[in-house]
Amino acid sequence: MITTEMVYWIIMLDKISSAFVIFAAAFGLILFLMTGAILSNEVKCPWHYPVWIVLELFFICGAVFLPNTKQMA
């Protein structure tokens with residue numbers, strides 16, 4: 001049986017997927033700039049650099065594998 005909560009989350013899937021794409025783009029830009037600074041020897045590799053890479057991969061996977069509303073319905 002489909003509840004109202006299920007219908008709500010199915011409808012919200014497009015917005016959630018869009019948020020994943022926006023975060024993936026933002027984290028990708030930040031990673032690009034951080035990598036450029038590290039490779040130009042301006043800064044040392046910060047301790048949180050691998051965390052940014054994992055977050056970027058998480059948001060890319062979420063954007064790719066999260067179904068949209070039409071697919072879920």
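This is a predicted model: local features need pLDDT of at least 70, side-chain atom pairs count only at pLDDT 80 or more; totals for chains, interfaces and linings use all residues.
1. Secondary structure. The protein contains three helices and zero strands. Read from the N terminus, the order of elements is α-α-α.

2. Overall dimensions. The C-alpha trace spans about 60 × 20 × 15 Å along the principal axes of the protein. The radius of gyration is 17 Å, whereas a compact globule of 73 residues would have a value near 11 Å. Both entries should be read together when describing the outline of the model.

3. Burial and surface. Buried residues make up 21% of the 73 residues of the protein. The accessible surface amounts to about 5800 Å². Carbon and sulfur atoms hold 76% of that surface.

4. Contacts along the chain. Among contacts in the protein with a separation of 6 or more, 67% are between residues 24 or more positions apart.

5. Position of S17. Where does S17 sit in the protein? This serine lies in helix α1, which covers residues 4-39.

6. Surroundings of S17. Is S17 buried or exposed? Its relative accessibility is 16%, and the cut-off for buried is under 20%, so S17 counts as buried. Leaving aside residues up to four places away in sequence, S17 touches A63 and L66.

Conventions:
Residues are numbered from 1 along each chain as its sequence is written. Side-chain values use heavy atoms; hydrogens and water are left out. Helices (H or I, at least four residues) and strands (E, at least two) are DSSP runs, numbered from the N terminus. The radius of gyration is taken over C-alpha atoms; the globule rule is 2.2 Å times the number of residues to the power 0.38. Buried means under 20% relative accessible area, exposed over 50%, partly exposed in between (1.4 Å probe, protein chains only). Contact means heavy atoms within 4.5 Å. Accessible areas come from the Shrake-Rupley method with a 1.4 Å probe; for residues, only the protein chains shown count as cover.
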